[in-house]
Every structure is written in C-alpha cells, then in structure tokens.
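Here is a short walk through a predicted model. Keep the sequence and the 3D view side by side as you read.

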Amino acid sequence: MNINQVLRVVKDFFNPNRYEFEAFLIRGGEKKPFALILPGGGYEAVCTENEGVPYAEELNKLGYSAFVLSYRVRKKAKFPAPLDDAARAVRYITENAENLGVEVKGYSVWGSSAGGHLAGAFASKTIGYKKYGLPKPAAVILAYPVVTMGKFTHEGSKINLIGLNASRELEESTSVEKLVDKDYPATYIWFSDSDKTVDPKNSTMLADALAENGVRHICREFESVEHGIGLGKGSECEPWFAEAVNFWEEEYK
C-alpha cells in the first residue's frame with residue numbers, strides 16, 4: 001500500500017461524514033454513459049480506497065467517466081439519507097452532463113457490500129430513481145452485496161440504516177429483493193461462497209427475485225474469496241470486473 005492509499009484509508013474512516021463525490025472524467029473523444037460508484041462499509045464508513053477509486057480508474061482506462069460517492073453513514077445514515085445522497089449525485093451529473101462530457105442514457109450504478117444495498121435500492125422504482133424523478137439506470141453492478149434487511153441481513157448495515165428493532169414494514173420496504181419488479185434494471189451480481197461477513201444468501205435471494213420477474217441478470221459465485229476484496233486482482237474473482245463492464249455495455253449499446 002503506497003502513501004496515497006494510506007491517506008485515503010485514513011480519510012475513509014475519519015471523513016466529515018457528509019455528501020461529496022470525486023469525479024474521474026474522460027475529456028474528449030466519444031461521449032459515453034457514466035458510472036456512479038457506491039463503495040461499501042456497512043453504512044459505518046465509505047471504503048473509497050478499496051471499492052471506489054480502483055473501479056473508477058479501471059473504468060477510465062476503458063474510456064468511461066466515473067463518480068465515486070461518499071454518502072452519509074453512522075448516525076447520519078438513517079433511511080433514506082444515503083438514498084437521498086445517491087439521488088443528489090445522479091441529479092447533479094445528469095443536469096451537468098454536457099459540461100462533464102458524459103452521456104446520461106445508459107448510465108450504470110455500481111455498489112459493493114453495503115454500497116450494493118444502496119445501489120440496489122436506488123435501482124428500484126419504489127424507493128429509488130423513479131421516486132426521485134431520475135432516469136432509470138441501464139445496469140446495476142453489485143459486488144458481494146448486502147441485499148436484505150430481513151433474516152439474512154448484515155447486522156451492522158441494518159443497525160446503521162434502519163435500526164436493529166425496525167418494524168417489519170420498514171424491513172421489507174428497504175429489502176432489495178422485495179423491491180424487484182419486471183422493470184428492474186439488468187443486474188450483474190457476484191459473491192463468494194466463503195463470505196463470512198455478508199451471507200451469500202443475500203445474492204442468491206436477489207438473483208431468485210430477478211429470475212421470477214424476468215429481469216436479465218448474471219449471478220456469479222466464486223470460491224474462497226474474502227469479503228471486501230474489491231477488484232480482486234490476482235484472485236479467483238478477478239474476471240468479475242471485465243464481465244461486469246461487458247454486461248453493462250450489452251445493455252446500452
């Protein structure tokens with residue numbers, strides 16, 4: 001880990017806990033759809049060093065502009081604050097698309113772990129993009145996501161977002177697998193069978209809901225990969241990123 005990565009880790013865990021995003025722009029050439037990246041962190045932190053900036057840099061290499069969002073966490077994360085932040089980012093990007101040099105149609109939302117929950121929720125009509133009057137994402141890319149606020153939830157994410165003793169109604173209305181319908185965006189999911197942080201059932205539950213509603217999706221399982229691995233360079237899951245980009249491109253091209 002170099003000094004810049006160390007400084008970013010420190011910033012991730014001691015940030016001012018407010019809405020802000022970092023833009024990784026491609027200037028000139030063909031205008032392409034953008035990617036909004038929502039790193040994980042259990043709604044306790046936002047791990048941009050591991051699940052944000054590396055994704056954006058890889059997307060830049062492929063000619064895509066990307067935006068890494070730091071959304072509100074901890075005591076400021078009570079629902080729907082993180083969703084408000086994601087919507088605020090998309091609204092800003094779409095309203096300034098010309099100046100930013102990006103195409104709105106065909107954009108994607110990427111989320112890892114708790115950021116996967118946020119991305120999945122934003123992709124729903126009920127509590128996401130449509131509620132905020134924003135365009136629908138072409139694709140959602142989820143890495144080892146938190147999905148449910150029910151039985152198989154990640155407890156820390158749930159506590160920070162809705163509280164451990166949330167009502168059944170609030171649990172269900174914030175569980176992504178319950179928000180899927182036939183109009184849900186195409187979704188790429190990957191997870192590991194050995195994930196000890198977020199139960200793999202989160203991913204399989206979402207895949208089942210997508211299949212039941214006829215939504216195009218890929219759900220990839222990798223063996224012996226730790227939670228929070230990000231790009232996973234040199235590991236079993238390394239192919240996921242290229243697969244996800246191809247999946248997204250098939251939706252907007």
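Now look at the partners of Lys125. One is Asp183: the two side chains meet in a salt bridge, with 3.0 Å from N to O. Lys125 sits in the loop between H6 and E5, while Asp183 sits in the loop between H9 and E6, so this pair ties together parts that are 58 residues apart in sequence. Asp183 is partly exposed, at a relative accessible area of 27%.

Another partner is Asp181. Here the closest N and O atoms are 3.3 Å apart, and the contact is a salt bridge with Lys125. This pair, too, links distant parts of the chain, 56 residues apart. Find Lys125 between helix H6 (114-122) and strand E5 (139-143). Then find Asp181 in the loop between helix H9 (176-179) and E6. Asp181 has a relative accessible area of 22%, so it is partly exposed.

Which residue joins Asp183 in a salt bridge of 3.6 Å, N to O? It is Lys182. Lys182 counts as exposed because its relative accessibility is 61%, and the exposed class begins over 50%. Lys125, Asp181, Lys182 and Asp183 form a linked network of salt bridges. The structure as a whole holds 14 salt bridges.

Next, turn to a group of acidic residues. Asp193, Glu221, Glu223 and Glu236 gather on the surface in a patch of negative charge. Take Asp193 as the way in. Asp193 lies in the loop between strand E6 (186-192) and helix H10 (201-212). Is Asp193 buried or partly exposed? Its relative accessible area is 37%, so Asp193 is partly exposed.

Finally, step back to the whole chain. The secondary structure comes to 11 helices and seven strands. Along its principal axes, the C-alpha trace spans about 50 × 45 × 35 Å. How does the radius of gyration fit a compact globule? For 253 residues, such a globule would have a value near 18 Å; the protein chain has 16 Å, which agrees. Of the 253 residues, 55% are buried.

Key: Residues numbered from 1 in each chain as written. Predicted model: local features only at pLDDT ≥ 70, side-chain atom pairs only at ≥ 80, totals over all residues. Heavy atoms only, no water. Patch = residues over 30% accessible without salt bridge, like charges linked within 9 Å, V, L, I, M, F, W, Y side chains within 5 Å. Areas by Shrake-Rupley, 256 points an atom, 1.4 Å probe, with all protein chains shown as cover. Salt bridge = Lys/Arg side-chain N within 4 Å of Asp/Glu carboxyl O. Lys, Arg positive; Asp, Glu negative; His and termini not counted. Charge placed at Lys NZ, Arg CZ, Asp CG, Glu CD. Helix = DSSP H or I, 4+ residues; strand = E, 2+ residues; numbered from the N terminus. Buried < 20%, exposed > 50% of the residue type's maximum accessible area, 1.4 Å probe, protein only. Rg over C-alpha atoms; globule rule 2.2 N^0.38 Å.
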